[in-house]
Amino acid sequence: HGRDQVQRLTLAATKDGKVTALHVDLLTDMGAYLGLVGSAVPILGAYIFNAIYKFNAYRFENRNVFTNKVRTDAYRGAGRPEATYAIERLMDDLAAELDMDPLELRAKNWINADEFPFTTVAGEEYDSGNYAAATDRAVELFGYAELRAEQAERRANKDPVQLGIGISTYTECCGLAPSRVL
């Protein structure tokens with residue numbers, strides 16, 4: 001949220017890529033003064049770190065510290081962009097570690113269309129979604145297989161201009177109140 005934030009995230013997964021647990025440990029710079037809801041900003045991300053994925057276990061820890069910087073306070077999207085970046089980067093790292101395509105890893109772990117409504121490990125209820133259909137359409141539209149083939153060719157040829165392919169999901173968490181979370 002524009003502040004210094006030290007994130008330590010850990011995923012536990014099986015060898016075939018099924019994620020079993022997520023641990024999030026944050027140390028967040030609040031600035032020199034407490035804003036109206038500044039200390040709540042990183043906590044809002046706690047409800048979205050799991051994104052569209054099914055995890056059996058989840059632990060979220062957060063420590064806010066005061067420093068000599070400008071204070072922070074709420075803004076639109078508070079906590080969610082950081083959580084999205086963190087979990088998607090972690091999924092990419094796990095895919096690389098397992099030598100698995102990042103889309104394949106995500107598909108093994110996302111909530112299936114027939115499981116909605118779905119209560120996440122963080123306690124949020126997702127009312128609907130079809131991540132497989134949306135991903136299949138996106139893959140078709142941007143030619144994922146062709147891009148991966150071009151990427152492999154460039155790497156094999158040690159091309160000075162490499163091709164990166166980024167994948168990310170995002171869940172809009174809104175309408176928290178009234179809810180059992182709040």
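Me: Which element gives the most to the lining of the largest pocket?

Reply: That is α4, with five residues. Before we go on, this is a predicted model, where local features need pLDDT of at least 70 and side-chain atom pairs count only at pLDDT 80 or more, while totals for chains, interfaces and linings use all residues. Residues are numbered from 1 along each chain as its sequence is written, and side-chain values use heavy atoms, leaving out hydrogens and water.

Me: What makes a residue part of the lining of a pocket?

Reply: A lining residue has an atom within 4 Å of a pocket point; on a 1 Å grid over the protein atoms alone, a pocket is an open set of points where a 1.4 Å probe fits, with protein on both sides within 12 Å along at least five of seven lines. Here 23 residues line the largest pocket, and Ile 52, Tyr 131, Tyr 170, Thr 171 and Glu 172 lie nearest its centre.

Me: Why is Tyr 53 called buried?

Reply: Buried means under 20% relative accessible area, exposed over 50%, and partly exposed in between (1.4 Å probe, protein chains only). Tyr 53 has 1% relative accessibility, so it counts as buried. Phe 55 is buried as well, with a relative accessible area of 7%.

Me: Why is the pair of Tyr 53 and Phe 55 called stacked?

Reply: Rings of Phe, Tyr and Trp (its six-membered ring) pair if their centres lie within 6.5 Å; planes under 30 degrees apart count as stacked, over 60 as edge-to-face and the rest as tilted. The ring centres of Tyr 53 and Phe 55 are 6.1 Å apart and their planes are at 25 degrees, so the pair is stacked.

Me: What makes Phe 142 and Tyr 144 edge-to-face?

Reply: Their centres are 6.1 Å apart, and the angle between the planes is 80 degrees, so the pair falls in the class over 60 degrees. Phe 142 is partly exposed at 41%, whereas Tyr 144 is buried at 7%.

Me: What makes a group of residues a nonpolar core?

Reply: A nonpolar core is a set of buried Ala, Val, Leu, Ile, Met, Phe, Trp, Tyr and Cys residues joined through side-chain atoms within 4.5 Å. The largest one has 28 residues, and those with the most contacts inside it are Leu 11, Leu 22, Phe 49, Tyr 53 and Ile 87. The element α2 gives the most to this core, with seven residues. A second, separate core of five residues includes Leu 103, Tyr 144, Leu 163 and Ile 165.

Me: Why is Asp 99 called exposed?

Reply: Asp 99 has 73% relative accessibility, so it counts as exposed. Asp 99 is in the loop between α2 and α3, and its phi is near 55 degrees, a positive value in a residue other than glycine.

Me: How do you know that Lys 158 is exposed?

Reply: Its relative accessibility is 70%, so Lys 158 counts as exposed. Lys 158 lies in the segment after α5 (144-156) and has a positive phi of about 50 degrees although it is not a glycine.

Conventions:
Helices (H or I, at least four residues) and strands (E, at least two) are DSSP runs, numbered from the N terminus.
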